[in-house]
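Hello,

Here is the structure I promised to pass on to you. Have a look at it first, and then read on for what turned up.

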Amino acid sequence: MAVPGPLGPYAAGFRQELTRLGYTPLSAIVHMRLVARLSRWLAEHEMDVQGLTAARVEAFFAERRAAGYTNSRTARSVQPLVDYLQRIEAVAPYAPPPPTTSTQLVLARYAEYLRLERGLAEPTVALNVRLVRPFLDDREQTRQGRLDLEQLTAVEVTQFVTESSRRRPASSTKRMVTGLRSLLRFLHVEGLVGEPLVGAVPSPAGWTLTGLPKALKPDEVDALLASCDRSIPTGRRDFAILTLLARLGLRVGEVAVLRLEDVDWRHGEIIVRGKGNRHDALPLPDDVGQALVVYLTDGRPEGALDRTVFVRAQAPYRALTASGVIQVVIYAGQRCGLRLRGAHRLRHSAATAVLRSGGSLEEVGQLLRHARLATSAIYGKVDVDRLRQLARPWPGTAV
């Protein structure tokens, strides 16, 4: 397909890029048609390829939406083209817009503090920023665009937490409180507030070890695994993911970041990249290893762009995200009639399977890589047979 206009000289190279990324010929044609339209639009507005900035790309799609197009309506549609042009340095990398509001300025400094002073990973930094943004947004809105942090009082902090807790579930409130305390420490260290206000953040009510781990029954785990169609590559991938979750109790993030070099086939071990940048070696069970072998040899795309074990099922074949792993579990549950909202029940299932086979709480902690034995203590409540041995007779009844 001919591409007139300023993008014409890059058309042949971009076609090769689409092939490298694993796009089918039909998908490549759709992308090239869109590139041709974008190139004509640039020519009509007397712009060369250097004019392909984020703002102008958005202007192109705004006109496209206004014209009534029902497909390729957002900037994501040309992201492969933009990535290619930036990689060959035909256009400059898009810079994030600079912070302008008071809240944005404070959050930018807070994020930098978390990265440099606290040494937190980027996902944790993003989570903390997201958790505390409502506090600063609320203050900025009630003060006509100003934060006036030097006037912040303990009463205002307590009032915000109290009101927010009424609109949030308990687990969300606990995370928000943790993030707010971190922000207040930063504000005091930076001299933006005159006195430490961390103590003004009330602790939400909470009781540990009150519930029971919600594990799947063995036949439900079997049904979940059996729901994968292992005659197709996606089914082989999903089966390997579910086997890892059910047998080793991995977290979804740990499955998503698992790399090819993390599987030590010679020694029968797998390296798990866990919380706090921990790297733990776990034995590789035979069934888990077999599921990985089948997927890696006859399921993982040859054009995968990342060294992660699990990649997306559609081009471009980039690493599967933690959200993608969760979707694998949810869809498998739907296929076999289980209502699952995440993957943590499989982690609980792996722990209870250890107890069911006669293992101890210490072994559960080793499998789940708990830092403290107390974290594993909740699983002691699911071993009913052992708990029955500890139960004392009810007063007034025969032993």
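A cut-off to begin with: a residue is called buried under 20% relative accessible area, exposed over 50%, and partly exposed in between. Please keep in mind that this is a predicted model.

By that scale R247, at 39% relative accessibility, is partly exposed. Its salt-bridge partner is D287, and the side chains of the two come to 2.8 Å, N to O. R247 belongs to helix α10 (residues 233-248) and D287 to helix α12 (residues 286-298), so this pair ties together parts that are 40 residues apart in sequence. D287 has a relative accessible area of 35%, so it too counts as partly exposed.

**Other salt bridges**

The whole structure holds 19 salt bridges. One of them joins the side chains of R109 and E190, at 2.9 Å from N to O. R109 sits in helix α5 (residues 102-116) while E190 is in the loop between α8 and α9, so parts that are 81 residues apart in sequence are tied together here. Both ends are partly exposed: R109 has 41% relative accessibility, and E190 has a relative accessible area of 37%.

**Around R139 and D148**

R139 is part of helix α6 (residues 122-142). With a relative accessible area of 6%, this arginine is buried. What does the side chain of R139 reach? It makes a polar contact with the side chain of E156 at 3.1 Å, and it reaches the backbone oxygen of D148 at 3.0 Å.

D148 itself is in the loop between α6 and α7 (154-165), and at 16% relative accessibility it counts as buried.

**Backbone exceptions**

Most residues other than glycine have a negative phi, and most peptide bonds are trans, which is why I list the exceptions. E89 is placed in the loop between α4 (79-87) and α5. Whereas D148 is buried, E89 is exposed, at 69% relative accessibility.

The peptide bond between A315 and P316 is cis, with omega about -5 degrees. P316 is in the loop between α12 and α13 (322-335).

**A charged patch on the surface**

Which residues gather in a patch of positive charge on the surface? They are K214, R339, R341 and R345. K214 comes from the loop between α8 (170-189) and α9 (218-226). Its relative accessible area is 61%, over the 50% cut-off, so K214 is exposed.

Best wishes

Technical notes: Residues are numbered from 1 along each chain as its sequence is written. This is a predicted model: local features need pLDDT of at least 70, side-chain atom pairs count only at pLDDT 80 or more; totals for chains, interfaces and linings use all residues. Side-chain values use heavy atoms; hydrogens and water are left out. Patches are made of residues with over 30% relative accessible area and no salt bridge: like charges are joined within 9 Å, nonpolar side chains (Val, Leu, Ile, Met, Phe, Trp, Tyr) within 5 Å. Accessible areas come from the Shrake-Rupley method with a 1.4 Å probe; for residues, only the protein chains shown count as cover. A salt bridge is a side-chain nitrogen of Lys or Arg within 4 Å of a carboxyl oxygen of Asp or Glu. Lys and Arg count as positive and Asp and Glu as negative; His and the chain ends are not counted. The place of a charge is taken as NZ of Lys, CZ of Arg, CG of Asp or CD of Glu. Helices (H or I, at least four residues) and strands (E, at least two) are DSSP runs, numbered from the N terminus. Buried means under 20% relative accessible area, exposed over 50%, partly exposed in between (1.4 Å probe, protein chains only). A polar contact is a pair of N or O atoms within 3.5 Å; within protein, one must be able to donate a hydrogen and the other to accept it, and residues adjacent in sequence count only if both atoms are side-chain atoms.
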